[in-house]
Amino acid sequence: MSSDSTAILDDYKYGFYTEIETDSVPKGLNEDVIRIISAKKEEPEWMLEWRLKAYRWWLKQQEPKWAHLDYPPVDFQDICYYSAPKKKSDNPDEIDEELAATFEKLGIPLHERDRLAGVAVDAVFDSVSVGTTHRELLAEKGIIFCSISEAIREHPELVKKYLGTVVPYTDNYYASLNSAVFTDGSFCYIPKGVRCPVDLSTYFRINALDTGQFERTLIVAEDSSYVSYLEGCTAPSRDRNQLHAAVVELIALDKAEIKYATVQNWYAGDKEGKGGIYNFVTKRGHCRGQNSKISWTQVEAGSAITWKYPSVIMEGDNSSGAFYSVAVTTNKMQADTGTKMVHIGNNTKSTIVSKGISAGKSVNSYRGLVQVLPDAANCRNYSNCDSMLIGGECSANTFPYIESENSSAVIEHEATTSRVSEDQIFYLKSRGLSEEDAISMVVNGFAREVFKQLPLEFSVEAIKLLEMKLEGSIG
Amino acid sequence: MSDTQTYFEIRNLHAETEGIPILKGVDLSIKQGETHALMGPNGSGKSTLANVIMGHPAYEVTDGEIIFMGQNVLELDPEERAQAGLFLAFQYPVAIPGVSVAKFLKSAHDACHPELKSKSSEFLKELRENIKYLEVDDSFINRYLNDGFSGGEKKRMEILQMLTLKPKFAVMDETDSGLDIDALKVVSKGVNKLAGPNFGLLVITHYERILRYIHPDHLHILIEGKIVHSGGPELVKKLEESGYDWVREQFGQEVLVG
């Protein structure tokens, strides 16, 4: 086989750019910029105050350096914090044709006539939401699914009650920044006893140059409700790095269940590591009620830098948290990702399944914390962290932390590292499979446990994405 | 030359791995419908020959040819060799965790026989019949390929693959090693199901006993990368009458373990 193990096709098919007139604020960050963002979104005073408090806190913080990542410092004054496509019409239900075409190209039709069956989509373009589908169906059930900006205006009491209660603005450097300048994202509210009839989905698209995307998503599931939520992301190919710092908060009350799935395919930079998205994300779920369930499933396939630890705080007794992750890094990508499972309630259970796949010259690290508090009796955790290496120049690391303060806890941890071997590929090729199919079979087998957590169409997409990412990467 | 003349032919084959020559001029010709046995001590190059026939990237062919049904095999990638009808039953099959036997066999079948792309239901029916024939448990098809399989299960899996892919020419690389007598009978039964006028087989072995179940038409003895002795029907007849002891006497005890 060829020795050129690093040659990965750089055909990021979402790398196009949409020419569109924008309404942007000048680059840089200060209180005036935050006031402008808040004013553009017609926010109430309390929201602005919250943003400013977050900003003032952020100013006093240092950028965290503990992750196994290497990148030049981010110049926060060289970023544009708000960019929105100019509205051509005053009718809020009318979607701009240019934008609709962009999302169509990304496989996300927004027009009601050809919207995706079984999935309600909120489409976010740079700093604003440009449309949400399936609204009537959801409204009938009392489900609120809209952009966070709209929720702040239309449902201030709900937003005020829950925003920042899982990830406070003092939580960490990037969460503080996000709290100060967040622009859009989704808000979902599932009332008591309602099982959401369709999957809810947000599609994030970064388009404008030198613009940061600071999405904020808040999902609240009332007692005995259920929702499955999907998130997808892409951005144009550019040779300059762009910042994406998101915060996602999930709240599950008694017997509620939230399933949150992400396929992250931000532009990862080119072969030499030039360009790509810096992805600094704080995602956290709070099992606030008894017998509640929260699961995170993620397929991380893009971004130059990934810093992301979707976590679950299990406060309610008998609640459970899960984290299923496939993180694939190629070329010079770097990922430091994992989870935190915090057991506070009795009989709480958590599951962690992490599959890291590294190719090229990439660095892929799993970092996870399992914490059992002193008063949490009979808690269980099962963790399985496997790494697969493709070629000889990449690396994989596992940093598991266990802090158990209650002796009744049962914690299991398994970890393996394997290499896609020449013998495996030869074996499959000798049965008639092409090299690409052989690699894809090995990798999909490896990540199978995670893929089966995804809704079917999503898992098909995720498998295709993985195949595309790893094409030509076996030496 | 007609097909029966040049069904499978190796001419003056030289191959090396990591710069060390292993095969030093192998010649071998197998006609359609024939079964040949290749014997030899450890390190004589038997497995290298099997891997070179299938195109393992760790071996470099430095001279010679392999011709199969008029095609120069050495110009083909391993997957093209499989698609052309060549098959290798591996001595040490590798595991592919997370990939079910059924999914793997369907993909391999469709890759080798694009013209026969069968419906899943028909495919499964045939698969279940083959599994039964090989006396394997039905749950086999949902297990992950070779993952946690015992030695005997792995060998049956190789034969199951052979029955599924229906190759025109197969090489069995010490499939009999490590098998108990019952497993050996099952494996032989599987092989004999494929044997016929449209099939060719090269059985590489180290043990006499498999030859009692798979009756070769020709025998070859490989020592230090060269075939030092070959014989046809007259030799087989001699073997039937007086056994294999003369092989050991002439070429050493390690050529063929009794």
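Q: Why is E224(B) called exposed in this predicted model?
A: The relative accessibility of E224(B) is 60%. Exposed means over 50%, so E224(B) counts as exposed.

Q: Where does E224(B) lie, and what is its phi?
A: E224(B) lies in the loop of chain B between β9 (218-223) and β10 (226-231). Its phi is near 50°, a positive value in a residue other than glycine. Most residues other than glycine have a negative phi.

Q: Why is K255(A) called exposed?
A: K255(A) has a relative accessible area of 57%. The cut-off for exposed is over 50%, so K255(A) is exposed. K255(A) is found in the loop between β10 (241-252) and β11 (257-264) of chain A, and its phi is positive, about 60°, although it is not a glycine.

Q: What makes Y229(A) buried?
A: The relative accessible area of Y229(A) is 0%. Buried means under 20%, so Y229(A) is buried. This residue is found in strand β9 (residues 226-234) of chain A.

Q: Which residues does Y229(A) touch, not counting those up to four places away in sequence?
A: Among them are F145(A), S186(A), C188(A), L200(A), Y260(A) and A261(A). The C-alpha atoms of Y229(A) and D199(A) are separated by 5.6 Å, with the two residues 30 apart along the chain.

Q: How do you know that the span of helix α4 (residues 120-133) of chain B is close to the expected one?
A: This helix of 14 residues reaches 20 Å from its first C-alpha to its last. The span expected at 1.5 Å a residue is 20 Å.

Q: Why are the buried residues of α4(B) said to line one face of the helix?
A: F123(B), L127(B), N130(B) and I131(B) are buried. Seen down the axis of α4(B), the buried residues fall within an arc of 100°, so they line one face. An α-helix has 3.6 residues a turn, so residues three or four places apart point the same way.

Q: What covers the buried residues of α4(B), and which residues are exposed on the other side?
A: The cover includes α3 (101-112), α5 (151-165) and α6 (181-194) of chain B. On the other side of α4(B), S121(B), K125(B) and K132(B) are exposed. Just after the helix, E135(B) takes a positive phi of about 55°.

Methods
Residues numbered from 1 in each chain as written. Chains lettered and ligands numbered in written order. Predicted model: local features only at pLDDT ≥ 70, side-chain atom pairs only at ≥ 80, totals over all residues. Heavy atoms only, no water. Helix = DSSP H or I, 4+ residues; strand = E, 2+ residues; numbered from the N terminus. Buried < 20%, exposed > 50% of the residue type's maximum accessible area, 1.4 Å probe, protein only. Contact = heavy atoms within 4.5 Å. Expected span 1.5 Å × (residues − 1). Arc of directions from axis to C-beta.
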